Amino acid sequence: MDSPPNVKEVAIQLAQTASKTALTFYRFLPSDPAGELADCRRRLFEEYLTLSGVSDTVKALIEDNDKRKLKGSEEYIEHTRRLEEIWAPDGPMTECNQRMDRVLADLEKTLMDNAQSNRKPPWPIQQAAMAEEIERIQVYKKAITTAIHADFCESDREVDPKTQLATDIVTWLNILESSEKQRFMSRQRQAGTCRWIVDEKVCKPYHEWSSATEGFLWLCGKAGSGKSVLAAAVIDHVITGSLEEEEKKEKQKPNKEDSDESEAEELPMTALTQQEPYPDGFLAFFFCDLRDARTLRTPTILTSLFSQFLQVEKPDLAVTFPDLVQWYSDGHSPPADVETLQNLLLRAMRLHTKRTIIIDGLNECDDPPTLLHCFEKLLAEKNVRLFVTSRPEPVILAQYQDRPTINLEEYLEHASKDIHKSLVEQMIAHIRLQSIAPARKEKLADSMTQKSNGSFWYSQCALDSLYVCATVGQVHEMVAALPEHLDSLYNNILRGVHKRSTDAKTIVQMAVRWLGGTLRPMSMSQIIEAVKIELGATILNDDLTIVSEGDMLMICGDLVRLNERTASFGLAHSTVRAYLTQSPPEDKEQLHRYFFDSHDVHRDLALRSITYIMTEDIDKTICKSETLTYLFDTSKFHYLIDHCPMIPYVFDGGFEHLQHITQEDDAVIDLLTNLQKQIRERPEKYRRVLDSLHDHTGGTAYEWIVEEQELALVILVRFGPPWMVKRFLLRRPDLLKGEEKDKLLARVEKLGRAVELREVLVDVVKQTVGA
């Protein structure tokens with residue numbers, strides 16, 4: 001006997017309504033002003049997303065329970081009964097669904113009423129109503145969670161210990177996977193483009209590589225030439241065997257804004273998610289991304305590939321990787337040395353017969369020679385295909401110049417056709433350019449394609465610059481006046497910025513510094529907060545507060561991009577960072593303020609990160625949070641992060657800037673010493689800050705910040721470069737004596753920096769003894 005169909009229908013309906021409401025809701029978010037109203041909107045948006053996920057989970061559990069009922073399990077019938085009570089047609093979840101229907105109707109009506117306007121639609125729901133909705137949803141979720149926990153999590157179902165071990169190992173490895181980046185790049189490809197690379201008559205190197213069971217192929221091209229999109233197209237081709245088939249699937253997918261379907265099929269793979277069989281065996285891939293410095297590290301790349309190759313039907317890591325399991329069981333940190341990871345990767349690859357590896361952006365890696373050496377080891381295995389994309393940097397060119405290569409300069413004709421097609425399609429789709437006559441669209445696309453010289457990014461920047469034009473004539477004039485090089489386009493953008501107010505210029509200056517030096521993806525709210533941090537100040541500069549997120553995008557122009565799918569905010573392209581880190585143009589416009597040194601920026605951001613955590617703004621937010629009432633205790637922690645969004649960045653990435661500082665001075669040491677003093681004086685403030693981080697770090701990973709008496713030293717030993725550790729210890733020789741010395745040596749050993757810091761410690765001891 002199955003669960004009553006009406007219960008399943010309510011679960012399905014609620015998941016669909018929550019998903020559709022969240023997607024519609026999101027169309028209002030990019031223009032949200034800063035402040036309590038915006039925070040309330042985002043919280044409600046997040047509640048709808050989680051409610052959709054909870055509904056899908058319950059639906060899956062009920063379906064799984066149905067199968068067990070067929071076996072006559074009365075216990076599981078009783079387990080489901082409780083769920084049926086809250087999901088009954090007259091139960092609380094039906095009420096929740098009806099409330100969301102009303103919200104959705106209001107949102108859709110507002111969008112429809114403002115469909116012809118170029119402005120963002122006004123927000124139709126009052127703040128008090130949103131706050132009430134948030135509380136009600138939290139009550140609904142609590143009821144569902146309680147039912148799930150009582151009925152399933154505490155049931156007698158046994159979890160396979162091998163599966164649990166594999167899950168624990170993957171979590172411990174803390175991998176960075178590239179599935180979202182691959183999907184994003186795949187969506188950037190216009191239908192009908194990139195097909196030339198899989199055409200045997202056009203691109204023989206790719207045909208030979210894809211037809212073989214082993215081999216190497218290097219796709220090289222200048223920055224902005226579409227290498228990442230081509231890499232995503234190659235992945236699609238390996239998976240489906242046809243780009244045309246992949247395009248048909250994309251067309252058949254409902255529009256995200258109109259879809260009721262969940263995005264469960266796009267969840268990232270893990271070691272426990274067995275990969276679907278592809279025509280050419282097992283596929284693993286990785287995208288290096290300048291917007292996230294973690295993806296540029298060789299150990300990160302190898303760990304990601306290793307975890308992908310762990311995808312087998314029944315993982316038994318205790319048998320296949322007993323050394324790794326032992327290392328994990330002994331409480332060590334995940335392996336980070338290249339030799340160990342390379343060995344693990346090779347062993348994991350041997351779990352499969354035919355292997356294909358695709359790496360995008362090799363030149364962005366922090367240590368290309370080491371990675372190149374690893375790739376040669378992988379290629380020495382049988383039945384391995386490797387596809388790599390990069391710019392023709394000298395170290396890579398020296399390694400691969402005599403290997404099979406697709407040089408995009410030699411395929412400029414085909415790339416130009418793709419650029420032209422993409423430009424025309426975008427003009428047809430854009431509300432401000434679609435009214436231009438077809439013949440004129442073709443002429444405009446011809447002109448922009450010719451000037452792009454094979455650079456997709458140049459053509460995109462050129463097209464974006466046209467959206468401000470009010471007449472067709474103005475569009476033609478602007479296209480005719482386009483400069484020939486990307487740097488000239490960026491110069492024009494900065495000149496436009498420099499004509500704005502003093503505050504606007506400062507905001508752009510600080511935004512590009514943060515985005516150019518960040519070691520983690522940053523959100524729009526974090527950047528809005530970060531630009532207000534001033535060195536030496538105890539409060540944020542509220543004069544630099546952005547009125548709305550849309551204003552940040554408008555002020556910075558094509559220098560930045562907001563990924564509305566992931567909510568990450570970053571420099572628009574790798575060429576923007578390359579431009580801003582070069583010598584500034586010699587002119588009288590003082591554009592040099594927007595340029596920065598790629599090494600010095602880390603010193604600046606480290607100082608600003610530490611300054612932020614010490615500001616009075618955090619104290620004030622904590623005090624205000626104490627005066628409010630909350631339905632759940634965790635809401636108090638959310639309040640602090642919502643109003644101080646840079647807190648997670650400081651602890652997850654801010655301290656990591658230390659390891660990249662090359663300028664030897666005591667500025668950071670002095671500030672860390674002040675931080676240590678403030679924490680001793682106000683430990684409760686920092687306990688509240690750390691409590692708010694639990695949802696972001698998964699536990700109490702930073703409790704040592706409050707507990708450590710010698711905090712400055714511990715932070716430097718964890719994150720600082722050797723020269724900084726040395727300068728600090730020369731100021732504090734007492735830390736290298738007796739019991740304190742033993743503590744220090746134990747910390748260094750535990751953090752895996754014994755080899756790196758041994759010479760420093762010996763040198764400091766010699767100097768202090770001599771003194």
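The legends below describe several close-up views of one predicted protein model.

In this predicted model, local features need pLDDT of at least 70 and side-chain atom pairs count only at pLDDT 80 or more, whereas totals for chains, interfaces and linings use all residues. Residues are numbered from 1 along each chain as its sequence is written, and side-chain values use heavy atoms, with hydrogens and water left out.

**View 1. Overview of the protein, with 37 helices and 8 strands.** Helices (H or I, at least four residues) and strands (E, at least two) are DSSP runs, numbered from the N terminus. Of the 771 residues, 49% are buried, where buried means under 20% relative accessible area, exposed over 50%, and partly exposed in between (1.4 Å probe, protein chains only). The protein exposes about 36300 Å², of which carbon and sulfur atoms supply 50%; these accessible areas come from the Shrake-Rupley method with a 1.4 Å probe, and for residues only the protein chains shown count as cover. Among contacts (heavy atoms within 4.5 Å) between residues at least 6 apart in sequence, 77% join residues at least 24 apart.

**View 2. Strand E4 (residues 384–390) and its parallel partners, E1 and E3.** Two strands pair if DSSP finds at least two bridges between them. Strand E1 (residues 215–220) runs parallel to E4 over 6 bridges, with cysteine 220 bridged to serine 390 of E4. Strand E3 (residues 355–360) is likewise parallel to E4 and is joined to E4 by 5 bridges, and threonine 356 has arginine 385 of E4 as its bridge partner. In E4, 7 of its 7 residues are buried, with Val384, Leu386, Val388 and Ser390 on one side and Arg385, Phe387 and Thr389 on the other, so that both faces are covered. In a regular strand the side chains alternate between the two faces of the sheet.

**View 3. The open sheet of 3 strands, in the order E6-E8-E7, with antiparallel pairing.** The edge strands, each pairing on one side only, are E6 (522–523) and E7 (560–563). Between E6 and strand E8 (residues 568–571) there are 2 antiparallel bridges, and serine 523 has serine 568 of E8 as its bridge partner. Helix H22 (residues 502–517) packs on this sheet, touching E6, E7 and E8, and its direction makes about 95 degrees with that of E8; axes are lines fitted to C-alpha atoms, for helices over the stretch in contact, and angles run from 0 to 180 degrees between N-to-C directions.

**View 4. Helix H19 (residues 456–464) and aspartate 464.** Because 8 of the 9 residues of H19 are buried, the helix is largely enclosed by the rest of the structure. The buried residues of H19 pack against helices H17 (412–429), H18 (438–452), H21 (486–498) and H25 (574–580), as well as against E7. Aspartate 464 is itself buried, with a relative accessible area of 16%, and its side chain makes a polar contact of 2.5 Å with that of arginine 561. A polar contact is a pair of N or O atoms within 3.5 Å; within protein, one must be able to donate a hydrogen and the other to accept it, and residues adjacent in sequence count only if both atoms are side-chain atoms. Leaving aside neighbours within four places in sequence, aspartate 464 is in contact with Asp558 and Arg561.

**View 5. Cysteine 288 and the cysteine sulfur closest to its own, in cysteine 365.** The two sulfurs lie 5.8 Å apart, too far for a bond, and a search of the whole structure finds 0 disulfides, a disulfide being a pair of cysteine sulfur atoms within 2.5 Å. Cysteine 288 counts as buried at 5% relative accessibility.
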